[in-house]
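Please read the following note with the sequence and the model open beside it. Each point may be checked against the structure in turn.

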Amino acid sequence: MSQEKVDQKKYDKLHRKSLLRKKKLENVLGIACFSIISIAIVAWIGFSVYKKVETAAAENVTYEYFDIDTSGIQDYLATLN
């Protein structure tokens, strides 16, 4: 083994706790970032679909007002009396 490898092993052995803590922290931060990004993407897709459904529903609404001619019914009721 070269002297460089020996020195690296000694360093790793002396600083094992801090190196493990650093590695665990990096893993947790990686998972947290991935989770936040995934939640943001899912929320964005859900919001986009919701907006498209709302605009489609608003476009399909039609209000029709009919003018009803009740003069024929009134004439008929007048003849009954």
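The numbered points below go from the whole chain to single residues.

1. The model is predicted. The mean pLDDT over the chain is 89, and 95% of the residues reach at least 70. Confidence is highest in helix H2, with a mean of 93, and lowest in helix H3 (residues 71–80), with a mean of 87.

2. Secondary structure. The chain contains three helices and zero strands. Read from the N terminus, the order of its elements is α-α-α. The radius of gyration is 38 Å, well over the 12 Å that the globule rule gives for 81 residues, so the chain is more spread out than a compact globule.

3. Overall dimensions. The C-alpha trace spans about 120 × 20 × 10 Å along its principal axes.

4. Burial and surface. What share of the 81 residues counts as buried? The share is 0%; a residue would need under 20% relative accessible area to be called buried. The accessible surface of the chain amounts to about 8300 Å², and carbon and sulfur atoms account for 64% of that area.

5. Helix H1. This helix covers residues 3–14, twelve in number. From its first C-alpha to its last it reaches 17 Å, close to the 16 Å expected at 1.5 Å a residue. Is helix H1 largely in the open or buried? Of its twelve residues the number buried is zero, so H1 lies largely in the open.

6. The nonpolar patch. Which residues form a nonpolar patch on the surface? They are Ile37, Ile41, Trp44, Ile45, Val49 and Val53, and together they have about 620 Å² of accessible area.

7. Val49 belongs to helix H2, which runs over residues 16–60. Its relative accessible area is 47%, and Val49 is therefore partly exposed, as this class lies between the limits of 20% and 50%. Ile41 is also located in helix H2. With a relative accessibility of 44%, Ile41 is likewise classed as partly exposed.

8. Ile41 and Ser2. How far apart in space are Ile41 and Ser2? Their C-alpha atoms are 49 Å apart, and 39 residues separate the two in sequence.

9. Glu54. This residue is part of helix H2. Glu54 has a relative accessible area of 40%, so it counts as partly exposed. Between the C-alpha atoms of Glu54 and Glu64 the distance is 21 Å, for a separation of ten residues along the chain.

10. Gln74. Helix H3 holds this residue. Is Gln74 exposed or buried? Gln74 is exposed, because its relative accessible area is 52% and the exposed class begins over 50%. Gln74 and Ser18 are 56 residues apart along the chain, and 95 Å separates their C-alpha atoms.

11. Summary. The predicted chain has three helices and zero strands, is more spread out than a compact globule, and has 0% of its residues counted as buried. On its surface, six named side chains, among them Trp44 and Val53, form a nonpolar patch.

Notes. Residues numbered from 1 in each chain as written. Predicted model: local features only at pLDDT ≥ 70, side-chain atom pairs only at ≥ 80, totals over all residues. Heavy atoms only, no water. Patch = residues over 30% accessible without salt bridge, like charges linked within 9 Å, V, L, I, M, F, W, Y side chains within 5 Å. Areas by Shrake-Rupley, 256 points an atom, 1.4 Å probe, with all protein chains shown as cover. Salt bridge = Lys/Arg side-chain N within 4 Å of Asp/Glu carboxyl O. Helix = DSSP H or I, 4+ residues; strand = E, 2+ residues; numbered from the N terminus. Buried < 20%, exposed > 50% of the residue type's maximum accessible area, 1.4 Å probe, protein only. Expected span 1.5 Å × (residues − 1). pLDDT = per-residue confidence, 0-100. Rg over C-alpha atoms; globule rule 2.2 N^0.38 Å.
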